[in-house]
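Subject: Structure handover

Hello,

Here is the structure I said I would pass on. Please look it over before reading my notes below.

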Amino acid sequence: MKLSNMLRRATALRSGVAALALAAATVAVAGPAHAATTLVETGSSLLYPLFNLWVPAFTASHPGVQITTTSTGSGAGIAQSIKGLVQIGASDAYMADALVHHNPNMLNVPLAISSQAINYNLPGLGNAHIKLSGPILAGIYSGKITMWNAPAIRAANPGVNLPAHKIIPIHRVDGSGDTFLFTQYLSRSTPSWAHSVAYGTTVSWPAVEGGIGANGNSGMVSAAAANPYSVAYIGVSYAAAAAKAGLGVAALKNAEGQYVLPNAETVGAAAASVVTVTPPDERISMIFAHGKNAYPIANYEYAIVNAKQADATTAASLRTFLNWAVTDGNAPQFLDQVHFLPLPDAIKTLSKTQIAKIK
Amino acid sequence: MKFRPFRLSLLSLSLLIPAALCAVILFLLIYSAPAIGFNGLGFVTGVTWNLGNLYGDPVTARGFTVPAGADYGILVFVTGTLVSSFLAILIALPLSVGAAIFLAEAVPPRLRPVLSLLVELVAVVPSVVFGLWGIAVLIPLIGHYVSPSGNGYGLLSSSIVLALMITPIIATTLLDALMRVPKENRESAFGLGATHFEVVTKAMMPMVRTTLIGGVVLALGRALGETMAVAMVSGGALNILPTSLFSPISTIASFILTQLDSAQSDPTNMAVRSLAEIALALFIITLGVNTGAKLLTSGALNVRKRQS
């Protein structure tokens, strides 16, 4: 019995190895069809749907360049771009000061203007656009507000029949630009959050009974859809998926005390407030921007790139792609599908100046 | 004389494996030494994991440069790993022992190779496939029908997914051992008038006890280190210990996976070194489990020798 088993397994092993070798040889022979420059992009799941719209259009008009895209979270985008593993690190968050000091060659290039929605799963109240504010959300995510019919939420939503049910706050577990945007909104609107948790692509989320961590924006949509009475922060490029899953969009309280929904007007107002004060390195936040109509969670979508590329051809392809992205790529046919806004002309000029530094 | 080069080359190749093990331990110890110094004992008992303010300036605390507010504690992940793995073994053990006994005793000999191959094939399925199945099928099932809070992510889902992955490991090891039990033991037990059940439980199972423990330890090792599948169904808990079967958890391996990129944006590098310290902790846990099993099996062997 043992011997025949051994023989059977030896034969199986040999044929397996032979098959593997044959496959490897085929791939090696068929491999490089023609030498094209490959650009690798990874990072923000918020920017990922837009990149997937850009890449086919760009490679159709520029056949010498291939671009691969993956969605891994802004933290991964920043880290891998710094290490040189990818050419383009997509991130909703600009690099921190300390990181910039350690890596002075890195550029933060805005490609578009995006925003983030606070979605909730309340059966029957999907179209009601529940009003929430920074302090309420800070209370929910720190465990101080546990029920949907808490006094603070009822005060903001007079006349809405809020259920007596525990709130399930959902956060991101991966290094996330969406976490950066959300926690910056909480920090700027709620001093107690700013002192205890602060903001970043990863934060130490306070212990909340039943709080769930999800991976990526798509993970946030699935987790929110699977858990009634949950609340999640989801990038606006996933608005269609969130709506399909039956999630409602909250109206957020901005710095002037107005409750606004994310749309072209409100996000545009937020962007307009920082256009004139954007510095040359373009690292600036428009969270909790001033303006009666400004949506409080809006941001530049950044491409984190190294100004010193490995070789001149890669640098040239990178410059071509990024210049295309901030001009042709900012056309409505791409941005409307993901609910982003185009960069104002002044910012396009600043971005192009930064792109020209890539060598 | 002719054998010396052969013996030497075999010796050097076989020493490569313990050398690799020592190299890994040494690397982890050296790389995480600053983190061990900074964290101290609070590392294992602390519930809070805080990378600190990565967007602020680093400060000096306890003699090390770290981000402001950095506080590394892994009790949540150690608890999640141990509880989910042991629960998985609890679920998998009756399934795999039952499957092995069924395949050894109750299946017609013509069908046995086919069915045992099917069991072996489950072990080959990549873990990410189990994770996807968990998200698509298991979590809605548990959320709708089992969980009181409607939440499917958590300890129970992770344990079930792990149990499905480790069942074939225990089952195939046990099946091989059962098939190797000498025919005389079975037939003499039947001859003494034992029922089929008594033959299996009293004449066959005691003989394969060592192999069973070995299989369970192998399975436990896989469960302790499983990253991808658990990351997808565990619910990613942070700073809170699990309180019930349906609480979200985090395991060590899945936590290192999800935290790594964020840790790399820490300019002081203390976060990555703390992740290496977590890896060291997982290594020590696995070492402890394997040593315990070794002691158990050698103890069992001694008992058997004395009886015969």
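This is a predicted model: local features need pLDDT of at least 70, side-chain atom pairs count only at pLDDT 80 or more; totals for chains, interfaces and linings use all residues.

Residues are numbered from 1 along each chain as its sequence is written, while chains are lettered from A and ligands numbered from 1 in the order in which they are written.

Chain B

Chain B has 12 helices and 2 strands (DSSP runs, numbered from the N terminus: H or I of at least four residues for helices, E of at least two for strands). Their order from the N terminus is α-α-β-β-α-α-α-α-α-α-α-α-α-α. The C-alpha trace of chain B spans about 80 × 70 × 35 Å along its principal axes. Of its 308 residues, 39% are buried (20 or more other C-beta atoms within 10 Å of the residue's own, with C-beta atoms placed from the backbone).

Helix pair

In chain B, the axes of α4 (residues 112-124) and α6 (residues 155-179) come within 8 Å and cross at roughly 140° (axes are lines fitted to C-alpha atoms, for helices over the stretch in contact, and angles run from 0 to 180 degrees between N-to-C directions). Contact (C-beta atoms, placed from the backbone, within 7 Å) involves B:S116, B:V119, B:E120, B:V122 and B:A123 of α4(B), and B:P168, B:I169, B:A171, B:T172 and B:L175 of α6(B).

Core

The largest nonpolar core has 180 residues, of which B:V161, B:I166 and B:L174 touch the most other members (such a core is a set of buried Ala, Val, Leu, Ile, Met, Phe, Trp, Tyr and Cys residues joined through C-beta atoms within 7 Å). α6(B) gives the most to this core, with 16 residues. Beyond its neighbours within four places in sequence, B:V161 contacts B:F130, B:G131, B:G134, B:L138, B:A229, B:V230 and B:V233.

Between the chains

34 residues of chain A are in contact with 34 residues of chain B. On the chain A side, α3 (74-83), α4 (97-102), β7 (212-214) and α9 (216-226) each supply at least two residues; α3(A) gives the most, with 4 residues. As for α9(A), 9 of its 11 residues are buried, including A:M220 and A:V221.

Regards

Notes:
Two residues are in contact if their C-beta atoms, placed from the backbone, lie within 7 Å. A residue is buried if 20 or more other C-beta atoms lie within 10 Å of its own, exposed if 12 or fewer, and partly exposed in between; C-beta atoms are placed from the backbone.
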